[in-house]
Amino acid sequence: MASLKRNDQGPGQRIDRMYCTPDLAPALLTFDVLATDEVREVSDHALLVARFDLDVLRQVLTPAR
């Protein structure tokens, strides 16, 4: 659904998203969508969790000299 709490917005579909540039993509380790009962209690959207490799992220984000 468009909302975790509402059922009047049409059939189930994912609208929660996260954007990542191609430069950052090599640092991405995992990406999870959490739509648990606990999340539903506090939000009408799923929780998005992205884990990045810190060393790769530092390399990508450090400007070349």
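Helices, numbered from the N terminus like strands, are DSSP runs of H or I with at least four residues, while strands are runs of E with at least two. The model shown is predicted, so that local features need pLDDT of at least 70 and side-chain atom pairs count only at pLDDT 80 or more, whereas totals for chains, interfaces and linings use all residues. Residues are numbered from 1 along each chain as its sequence is written, and side-chain values use heavy atoms, with hydrogens and water left out.

**View A. Aspartate 55 and arginine 58 in helix α2 (residues 54-61).** The two side chains meet in a salt bridge, N to O 3.8 Å (a side-chain nitrogen of Lys or Arg within 4 Å of a carboxyl oxygen of Asp or Glu). Aspartate 55 and arginine 58 are 3 residues apart, about one turn of the helix. Aspartate 55 counts as exposed because its relative accessibility is 52% (buried is under 20% relative accessible area, exposed over 50%, partly exposed in between, with a 1.4 Å probe and protein chains only).

**View B. The salt bridge between aspartate 37 and arginine 40.** The closest N and O atoms of this pair are 3.8 Å apart, and the whole structure holds 2 salt bridges. Because aspartate 37 and arginine 40 are 3 residues apart in helix α1 (residues 37-42), about one helical turn separates them. Aspartate 37 counts as exposed at 56% relative accessibility, whereas arginine 40, at 32%, counts as partly exposed.

**View C. Methionine 18 in the segment before β1 (28-34).** At 42% relative accessibility, methionine 18 counts as partly exposed.
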